[in-house]
Amino acid sequence: MGRLDTLTSWHSDWAGLRVAVLGLGVTGFAATDTLVELGASVTVVAERVDDERRTILGVLAVPIVEAGADELPAAITEAELVIASPGLRPDHPWLVAAADGGIPVWGDIELAWRVRDKVEAAEWILVTGTNGKTTTTQLAAHMLREAGLRVAPVGNIGTPVLDAVRDPAGFDVLVVELSSFQLHGLPTTGPGALWPHSAAVLNVDDDHIDWHGSADAYRAAKAKVYTNARVAAVYNVEDPVTMAMVEEAEVVEGCRAIGFSLGIPGPSDLGMVEDVLVDRAFLDARHAQALELASLADLEPAGLRSPHMTRNVLAAAALARAFGAEPADVRDAIRSFRLDRHRTELVAELEGVRFVDDSKATNPHAAEGSLSAFDRVVWIVGGLFKGADVAPLVERHAQRIVAAVAIGVERAPVREAFARHAPGIPLVEVDTADTGAVMRLAVEAAVEHAAPGVTVLLAPAAASMDQFKDYAERGDRFAEAVRERGAHGDDDGSRDRPRD
């Protein structure tokens, strides 16, 4: 047995282990801090280092090597272990060099699993999918908190798992959001393999193909989340890809497949009966009865009533119920839950026109759910599509699109999609590289085609980095433009009414 195989606990002997941490983002910094605390000999290799983290690592006496991708620092080739940022592609020269040198590469998730017993070993519930991961993770954690458990939503959601593992208060359960990048390198066997309590894949659509190399590789990464699940493998009944993943998964004997959908549920599923969310999975008489969890009216104040959000609620409820939450816990959590910003967020209503910010819809699959939630929209769309095809979205939703406003540097795919599938729908292109002006011009163009009862919807179906720092800045700029228009509107007394 090699030394790394023995490192399966916080209390293992990590002293002096030579580790190269590649990248100094949120996960890279958490991994570095953890390894220093464990007594390992750590060197950070990064293309960029911000001043704050440079200062902190100086205090910790951690060497930093700044290098480009075309450089190969000795810290990598001389390491016994490499911890890689989830953003590094598998074909990155640093990772290729590590593989060629026979140096094991872990991600922060594997490291966190191995050292999860610093305070007490919490159970892990895993959540992934092309869209809805963060909302579902937050909802499941909120439901478990209502059940009286010590719980933290962590992972790709923004809080590193390693931070939760080292929290001196300890937790009963961690709800871990995992991206396909984090899942890609996870082992499914051996000392670094995860053994989660439960796991869910919410949906699967082609995404990040440029990173993974193919749609099959992307789906294979997502499917890893089910491996070794012990209690429940939650899947989307309406998504045959997730169903196939569950059928093929190597789970622990006795692990149950639990489906969710907007239809009437089967005897091992959660679903809908008229306007009521029900559970037919976690009760003894499930072949003849169902438990009421909540109504659509309960979902309305939290902005969860749209079809895609309702599916997220059902998936979260399945995970929470599998861990022992009662129906009342689920209902109370739904009633007190509030969405993060930029997720179908009502910014204002001006003269009967609603302005909704779903800047988090960074791919066509996410925009699909957002568009489906409204009857008549002026759609603000565009950005970096990264190879994703927006045409099927236009074809499916042409009947509800009053007009469209194209933003971003890749407007040609939008133009071509409307020309082919909806040539009669007005399309306005915002042709400017000025970040400060993009949304003001987009909102002005949208208002020209809006009328009472219409929703101006920012659901770009594309990434934001062509013109904005991230999707949050894109959404903030949209909201600023809307509110500016409301503040300087006509003298008819109309004003925006921000959502509580």
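Q: Are tryptophan 14 and tryptophan 106 buried or exposed?
A: The model is a predicted one. A residue counts as buried under 20% relative accessible area and as exposed over 50%. By that division, tryptophan 14 and tryptophan 106 are both buried.

Q: Which geometry class does the pair of tryptophan 14 and tryptophan 106 fall into?
A: The two ring centres are 6.3 Å apart, and the angle between the planes is 85°. Ring centres must lie within 6.5 Å for a pair, and planes over 60 degrees apart count as edge-to-face. The pair of tryptophan 14 and tryptophan 106 is therefore edge-to-face.

Q: How many residues apart are tryptophan 14 and tryptophan 106?
A: Tryptophan 14 belongs to the segment before strand E1 (18-22). Tryptophan 106 is in strand E5 (residues 105-106). The pair thus links distant parts of the chain, with a separation of 92 residues.

Q: What class of aromatic pair do tryptophan 379 and phenylalanine 418 form?
A: Their centres are 6.3 Å apart, with 50° between the planes. Planes under 30 degrees apart would count as stacked and over 60 as edge-to-face, with the rest tilted. Tryptophan 379 and phenylalanine 418 are both buried, and their pair is tilted.

Q: Which helix does the pair tie to strand E17?
A: Tryptophan 379 is the partner in strand E17 (residues 377-381). Phenylalanine 418 lies 39 residues away in sequence, so the pair ties strand E17 to helix H17 (residues 412-421).

Q: At what distance from the ring centre of tryptophan 113 does arginine 116 lie?
A: For a charge to sit over a ring, CZ of Arg must be within 6 Å of the ring centre and within 35 degrees of the ring normal. Arginine 116 lies over the face of tryptophan 113, and its distance from the ring centre is 3.7 Å.

Q: Why does threonine 135 count as buried?
A: Threonine 135 is located in helix H6 (residues 133-146). Beyond its neighbours within four places in sequence, it is in contact with residues including Leu304, Phe337 and Arg343. The cut-off for buried is under 20%, and threonine 135 counts as buried because its relative accessibility is 3%.

Methods: Residues numbered from 1 in each chain as written. Predicted model: local features only at pLDDT ≥ 70, side-chain atom pairs only at ≥ 80, totals over all residues. Heavy atoms only, no water. Phe/Tyr/Trp six-rings, centres within 6.5 Å; stacked < 30°, edge-to-face > 60°. Helix = DSSP H or I, 4+ residues; strand = E, 2+ residues; numbered from the N terminus. Buried < 20%, exposed > 50% of the residue type's maximum accessible area, 1.4 Å probe, protein only. Contact = heavy atoms within 4.5 Å.
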